[in-house]
Protein chains: 2
Amino acid sequence: MTTENDFIRRIARRFPLRPPVEVGIGDDGAVLSCGRVMGRDQTQFAADRMVVVTDMLLDGVHFELEKISPSLAGRKAVAVNLSDLAAMACFPTAAFVSIAVPKTMRMPSGEFLDELYSGIEALTNQFNFTLAGGDTNSWNGPFAINVCLTGSPMGERPILRSGAKPGDSLFVTGPLGGSLKSGRHLTFEPRLDLARWLVELTPPNAMMDLSDGLSVDLPRMMEASNTGAILRSESIPIHDDVPESLSRPDRTQAALADGEDFELLISVNENDSNNLTRMAREAGISLYKVGKVAQQQIILIQDDSGLVHKLPGQGWIHQWK
Amino acid sequence: MTTENDFIRRIARRFPLRPPVEVGIGDDGAVLSCGRVMGRDQTQFAADRMVVVTDMLLDGVHFELEKISPSLAGRKAVAVNLSDLAAMACFPTAAFVSIAVPKTMRMPSGEFLDELYSGIEALTNQFNFTLAGGDTNSWNGPFAINVCLTGSPMGERPILRSGAKPGDSLFVTGPLGGSLKSGRHLTFEPRLDLARWLVELTPPNAMMDLSDGLSVDLPRMMEASNTGAILRSESIPIHDDVPESLSRPDRTQAALADGEDFELLISVNENDSNNLTRMAREAGISLYKVGKVAQQQIILIQDDSGLVHKLPGQGWIHQWK
């Protein structure tokens, strides 16, 4: 128990209280003030709504602890949740981290925890929020970590995935594919700054983050919005992490279906589309128009020769060949 | 993916939106309104603060899935968090449940999930909140579940563990000990109704829930409050789950150190103490005075013969014998 109490005290010192967290680590729960909270650049935002996101990451599924530093595991667990908050157009206010640590770990558990929380700490400092609670356990299973983040809207309200409208232009915020193989899934930058820029310029109709791949996530946004979409194959940005040696269809396939991109998928009014593209270019912000929202609830993709195909759920486009 | 989407849709149907949840299962995050929210008896409470609690429960540590129904595992995972909210004098507003399900399960995973969420559903209906998000994974490890609950203060503000004052009377809300062996830890009632009754009658100075046992948790409250305490051994209520066959010191030891009681530890002004005891008796509410808060930061226990001992951290009182 003393060890547990000591651990909690040590962690609490590393994560100072930051508004809107009033009571953080050490009580039965954390207390967050609603009402007005201070943003990272000292701007005040109305916060009559709070957003909560959560994701659980598992050794052997979302990372391989044998191959990476614990700090990267901690970083990824928080970063994927930050990506969800970016998709809701919210900045983070507090993190709650629960972990299950294997009893048989090659690394001393104190050292492991220090490194794990270093990865978390770096992101809390970068995005100006704090760790406000959590739970620490040891067991006979592999390492598991659950992160729950609270967030506060950057603009007037959170942006949902259900607001896409027929005629909207669809954008992604970066090139896609190859994330898992290259290790990019451990070091990606959650698109919080981009979300904020976008919300201040022209709030999108719908937004979500790409975790399972465009071919899986786009249908989710369209279903939530009761719409369909048509993608243009040649407009889908392919990441350098996708091997050049692959065929063109295989490269597009990778961009559509590899997953773990953690870029944003954004649906904006057609009228704002050109303006947005121009402003992004001027601001040096990465924004790629990939297609349009349609009335009919079906997902289509136009190949390089202009032919239109139905996009299968897993993005398997090899039938084109 | 279709299976995951179907699962999410099925779960969403079982957990309808309830205020203050505006957007629940299905988006990147949940949206909760701050401001005023409706309590379970239609009373409105001010909610300028939100409380967040989280606990991770693991197969083989907090329950044995080989021996119990998945619904009891789901129930316990939510109930221990409800106990934390009761200790903060907050009622629950939303639950976020992340699970890691073993790939090799003897039970079909659909059936397992149905039963798991039944245990969760029962508590959301009993205490009038909802499931508003979560994460579902499968892996090669044992079953793990993380629950994060948001809560809203029952009174003017959350009750912390740091507010105990020298002279305060210390109460517990039920007999202690034997919880793990008897299985009571799976079926206990989180003390939300009692917390509410207490807050309306006379808000306590400090409150926490007893998860690790009075001998471990009381020092935590006293440390947070910069106080000490003296317990009276003969006043510590011993649960019927503690075997009658044990010696008197062993029975007291069990009540102090078994843990998993999930009763509340409450520190109230001395002046309110007698009134509180009387009101509790009249209302048929279980409340046991176990000791007093002291200035000096040390935890003492007075044995049946009147002698005073220092209470060891783990409650090991066998030295008395």
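Modeller: Gladly! Let us begin with what pairing means: two strands pair if DSSP finds at least two bridges between them. Strands of a sheet pair through backbone hydrogen bonds, either parallel or antiparallel. Keep in mind that what you see here is a predicted model. In chain B, strand E9 (residues 169-172) and strand E13 (residues 288-294) run antiparallel and are joined by four bridges.

Biologist: Which residue of E13(B) stands opposite Ser169(B)?

Modeller: Look for Lys292(B), which faces Ser169(B) from E13(B).

Biologist: What about pairing between chains: in which sense do E2(A) and strand E5 of chain B pair?

Modeller: E2(A) and E5(B), residues 49-58, pair in the antiparallel sense over four bridges. One residue pair to find is Ser33(A) with its bridge partner Arg49(B). Then look at E5(A), which is joined by four bridges to strand E2 (residues 30-33) of chain B, again antiparallel. Val52(A) has Ala30(B) as its bridge partner there.

Biologist: How do I read a whole sheet, and what is the order of the six strands in this open one?

Modeller: The order is E7(A)-E6(A)-E8(A)-E5(A)-E2(B)-E1(B), and the pairing is mixed. At the edges are E7 of chain A and strand E1 (21-23) of chain B, each pairing on one side only. On average, neighbouring strands of this sheet are turned by 25° against each other, direction ignored. Helix H3 (residues 109-126) of chain A lies across E6 and E7 of chain A, at about 170° to E6(A).

Biologist: How are the two chains related?

Modeller: A rotation of 180° with 0.0 Å of shift along its axis brings chain A onto chain B, with an RMSD of 0.0 Å. That is the relation of a two-fold axis. The same surface serves both copies, as 100% of the contact residues of chain A recur in chain B.

Biologist: How many residues of each chain are in contact with the other?

Modeller: There are 58 residues of chain A in contact with 58 residues of chain B. Several elements of chain A each supply at least two residues to this side, among them helix H2 (70-87), strand E6 (90-102) and helix H7 (214-225). E5(A) gives the most, with nine residues. By class, the side of chain A that touches chain B has 30 nonpolar, 18 polar and ten charged residues.

Biologist: And how do I describe two helices packed together?

Modeller: Give the angle, the axis distance and the handedness. In chain B, helix H2 (residues 70-87) and helix H3 (residues 109-126) pack at about 35°, with their axes 7 Å apart. Their crossing is right-handed. The contact includes Leu72(B) and Val78(B) of H2(B), and Phe112(B) and Ile120(B) of H3(B). By class, this contact has twelve nonpolar, four polar and two charged residues.

Definitions and conventions: Residues are numbered from 1 along each chain as its sequence is written. Chains are lettered from A and ligands numbered from 1 in the order in which they are written. This is a predicted model: local features need pLDDT of at least 70, side-chain atom pairs count only at pLDDT 80 or more; totals for chains, interfaces and linings use all residues. Copies are superposed by least squares on the C-alpha atoms of residues with pLDDT of at least 70 in both. Two residues are in contact if their C-beta atoms, placed from the backbone, lie within 7 Å. Ala, Val, Leu, Ile, Met, Phe, Trp, Tyr, Cys and Pro count as nonpolar, Asp, Glu, Lys and Arg as charged, and the others, Gly among them, as polar. Axes are lines fitted to C-alpha atoms, for helices over the stretch in contact, and angles run from 0 to 180 degrees between N-to-C directions. A crossing is left-handed if the near helix is turned anticlockwise from the far one by less than a right angle, and right-handed if clockwise.
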